[in-house]
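Hi everyone, thanks for coming.

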Amino acid sequence: MRYIGKEEIEKMAIGAALLGTGGGGDPFIGKLMALQAIEKYGPVKLLSADELDDEALVVPSAMMGAPTVMVEKVPSGNESIAAFNALEEYLGRKITATMPIEAGGVNSLLPFALAARVGLPVVDADGMGRAFPELQMVTYYLDGINASPMVLADEKDNSIVLNAVDGVWTEKIARAATMTMGGSLMNAIYPMSGKQARESSIIGSLSFEEKLGDIIMTSKQPIDDLVEATNGYILFEGKIRDVERATDGGFVRGKAVFEGLNQNKSSECTLEFQNENLICLVDGQPKCLTPDLITVLDAETGMPITTEGLKFGMRVVILGMPCDPKWRTDKGIETVGPGYFGYDIEYQTIEALNQ
């Protein structure tokens, strides 16, 4: 157990943007909300998964919706509290701890804003090890843990308690509700025991974010050090030639095209994304495929760039990283592999594609 203050949040925000693979919402918003809450209420206790009692009630807190909408409709923080209060009332139990649903973008930091305000600890773990766009795309779904009961709450004081048969149906119903409620909202989801959280989560992801953020903030050669820290691969070096994006059905969908520089001179790279980067093609050949991670870094500073931050002329390095082994199972690939997102490409590991 240790306490998380402003310095740790600053580092986590940068690492969250990197693991967010271009999506997960702008970590800047989550950082500001966490910093404000910590300044007012004090540091937040960070627990290791081993410190959870088997019967603890652990509930992730997250934003749902299109990241571009959240930039214009910033949560007040009351939405998360309302969602947790409604879930406690429904379950007839007090929530013991919260945690991020994903290790990426805004959702890595929002649990700290909630935890500081209500006095809960945050667990150093998450359900993805990166960011994904849909509610069933978590390790808890792979292990048969239901997303329900789930509570959705918006800034207008509306809230919904949702019971669905599994994560796929939770996603379908909650996505429709999110669009009706303004395109983004806060939720309390996947209530689970401490034992389930310990066995099913990707452990240590918040500390890993902090480590990555520290590298970017302090290293003289951040990209080289990030490759080493993530067991990653430089997929492409170039500058952005074109970006297409549109908000569609609660997601930001699009692609970016890069013109090669340095070792990739005369080559072209295309990134396809749905909130998060999913496919990286160089000269038409796959170099990294979901669920492995693809993130765009500023070529000089190593700072991650989200899909909504991509702009014409930026000089970048595209970094690919292997996903957690949980995602390389048959059910993992069925849930988040290229085929699920409509790509007629068979998943191959980043290691195999970059031999």
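Let's begin with the aromatic pairs: the count comes to three, where rings of Phe, Tyr and Trp (its six-membered ring) pair if their centres lie within 6.5 Å, and planes under 30 degrees apart count as stacked, over 60 as edge-to-face and the rest as tilted. One of them joins Tyr-140 and Tyr-190, and because their planes are at 50°, with ring centres 5.7 Å apart, this pair is tilted. Tyr-140 sits in helix H6 (residues 139–142) and Tyr-190 in the loop between strand S9 (184–188) and strand S10 (192–193), so the pair ties together parts that are 50 residues apart in sequence. Helices here (H or I, at least four residues) and strands (E, at least two) are DSSP runs, numbered from the N terminus. Both Tyr-140 and Tyr-190 are buried; buried means under 20% relative accessible area, exposed over 50%, and partly exposed in between, with a 1.4 Å probe and protein chains only.

Another aromatic pair is edge-to-face: Tyr-340 and Phe-341, at 5.4 Å centre to centre and 85° between the planes. Tyr-340 is partly exposed at 37% relative accessibility, while Phe-341 is buried at 14%.

A quick word on what you are looking at. This is a predicted model, in which local features need pLDDT of at least 70 and side-chain atom pairs count only at pLDDT 80 or more, while totals for chains, interfaces and linings use all residues. Residues are numbered from 1 along each chain as its sequence is written, and side-chain values use heavy atoms, with hydrogens and water left out.

Now, how do helices H9 and H10 sit against each other? They are roughly antiparallel, a label for angles over 145 degrees, whereas under 35 is roughly parallel, 65 to 115 roughly perpendicular and the rest oblique. The axes of H9 (residues 205–218) and H10 (residues 222–230) come within 9 Å and cross at roughly 160°; axes are lines fitted to C-alpha atoms, for helices over the stretch in contact, and angles run from 0 to 180 degrees between N-to-C directions. On the H9 side the contact (heavy atoms within 4.5 Å) is made by Phe-208, Lys-211, Leu-212, Ile-215 and Ile-216, and on the H10 side by Pro-222, Asp-225, Leu-226, Ala-229 and Thr-230.

Asn-231 has a positive phi of about 55° although it is not a glycine, and at 56% relative accessible area it is exposed. Asn-275 also has a positive phi, about 65°, and is not a glycine either. Is Asn-275 buried or exposed? Asn-275 is buried, at 4%, in the loop between strand S14 (268–274) and strand S15 (276–282).

Asn-275 brings us to Thr-307, which touches it along with Gly-22, Arg-245, Phe-273 and Asn-277, not counting residues up to four places away in sequence. Thr-307 belongs to the loop between strand S18 (304–305) and strand S19 (315–321), and at 2% relative accessibility it counts as buried.

Let's finish with two cis peptide bonds. Ser-148 to Pro-149 is cis, with omega near -5°, and Pro-149 lies in the loop between H6 and strand S7 (150–153). Thr-290 and Pro-291 are also joined by a cis bond, with omega about 15°. You will find Pro-291 in the loop between strand S16 (285–289) and strand S17 (293–298).
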